[in-house]
Amino acid sequence: MRAIGIVLAGGNSKRMRELSNKRAISAMPIAGNYRSIDFALSNMTNSHIQNVAVLTQYNSRSLHLHLSSSKWWDFGRKQGGLFVFTPTITAESSDWYRGTADALFQNLTFLKNSHEPYVVIAAGDGIYKLDYGKVLEYHIEKKADITVVCTELPQGEDITRFGLVRTNEDGRITDFEEKPMVASSNVVSCGIYVIRRRQLIELIERCAMEDRYDFVNDILIRYRNLKRIYAYKMNTYWRNIASVESYYKTNMDFLKSEVRDYFFRQYPDVYSKIDDLPPAKYNPGASVKNSLISSGSIVNGVVENSVLFKKAYVGNNCVIKNSIILNDVYIGDNTVIENCIVESRDTIRANTTHIGTQDNIKIVLEKNERYTL
């Protein structure tokens with residue numbers, strides 16, 4: 001493909017509450033065996049983009065460990081590859097990334113040393129499948145300066161945490177509001193952009209000269225009437241997990257057979273780092289209904305409508321309902337957990353009860369938590 005890829009994976013969000021205290025949002029576990037960033041990287045390799053950079057910043061340790069080998073996404077090549085860039089202290093700059101445009105500016109060498117004419121920029125916190133090649137074809141057909149991938153969100157979603165887009169009949173973006181107080185549209189930006197590489201370099205350098213740091217506000221919104229910015233409508237599954245509610249709902253979506261079939265049984269595939277773990281074990285007395293139980297887990301109690309990630313242990317007479325149990329959690333005997341997210345490498349004491357509601361998901365984080373990534 002005639003493009004390089006950039007995955008923006010350095011962001012954090014207070015909407016994630018305690019879940020983002022020790023890991024980047026792009027490293028959040030999804031659907032039992034995956035991380036959020038796996039979907040963007042899989043889309044890159046499935047779109048035949050061979051040269052991909054991941055820009056990391058906040059709480060990036062677990063994300064770096066996950067990306068320690070590029071072979072899982074087929075980037076272990078002689079040509080191109082997977083590159084992970086963090087903020088670098090130099091004689092000229094001692095700043096962290098001050099925004100998405102500044103992150104691109106601090107890695108301008110990667111853009112300048114590449115030879116492909118186009119750049120695909122994607123956020124690392126989106127759950128979707130997309131052929132970026134089709135977006136590039138649309139971009140060329142429309143003779144666009146920038147193409148923004150958009151989607152329509154269903155009723156009930158918190159639309160005000162996204163960038164809202166309005167277009168004319170030709171698909172050109174006429175208005176772009178970033179996280180408005182009142183939603184005037186249900187068409188939102190997915191945080192995926194296609195732009196010519198040389199033009200991106202020019203825009204990023206201009207932003208740096210003017211002390212502007214944000215790609216959306218200082219490029220998309222500022223130039224919306226000066227540049228030909230088009231919207232590419234995506235009609236398939238897309239979710240952003242940058243809040244506790246959306247993270248919970250997204251994992252619960254994977255309990256639906258049609259969602260699992262779409263991501264894991266239909267071409268193209270979604271790839272991830274594979275751990276050498278035994279299959280899940282169900283001991284006498286275990287009862288599991290409509291749940292995802294990941295490898296390395298041991299179940300002795302009742303699990304319903306829940307997602308258990310790798311190496312979870314459910315003790316005797318436990319009842320787990322409508323909950324997400326992250327990696328390497330030990331749940332003691334006679335424990336009740338409902339409408340909760342249990343943080344990874346936690347130890348839940350026996351004979352305890354943790355109950356949230358569908359409108360207020362409880363995050364369980366015991367003080368006797370073990371060191372976690």
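Biologist: How far is the sulfur of Cys190 from the closest cysteine sulfur, and in which residue is that sulfur?

Modeller: This is a predicted model, in which local features need pLDDT of at least 70, side-chain atom pairs count only at pLDDT 80 or more, and totals for chains, interfaces and linings use all residues. Residues are numbered from 1 along each chain as its sequence is written, and side-chain values use heavy atoms, with hydrogens and water left out. A disulfide is defined as a pair of cysteine sulfur atoms within 2.5 Å. The separation for Cys190 is too far for a bond: 6.4 Å, to the sulfur in Cys150.

Biologist: Is Cys190 buried or exposed?

Modeller: Buried means under 20% relative accessible area, exposed over 50%, and partly exposed in between (1.4 Å probe, protein chains only). Because its relative accessibility is 6%, Cys190 counts as buried.

Biologist: How many disulfides does the structure hold?

Modeller: Cys207 is in no disulfide, since the nearest cysteine sulfur, that of Cys150, is 20 Å away. For the structure, the number of disulfides is zero.

Biologist: Which residue is joined to Pro268 by a cis peptide bond?

Modeller: Pro268 lies in the loop between helix H9 (257–264) and strand S14 (281–282); helices (H or I, at least four residues) and strands (E, at least two) are DSSP runs, numbered from the N terminus. Omega of the cis bond is about 0°, and the partner of Pro268 is Tyr267.

Biologist: What is the phi of Asn351, and where is this residue placed?

Modeller: Phi of Asn351 is near 60°, a positive value in a residue other than glycine. Its place is the loop between strand S26 (347–348) and strand S27 (353–355).
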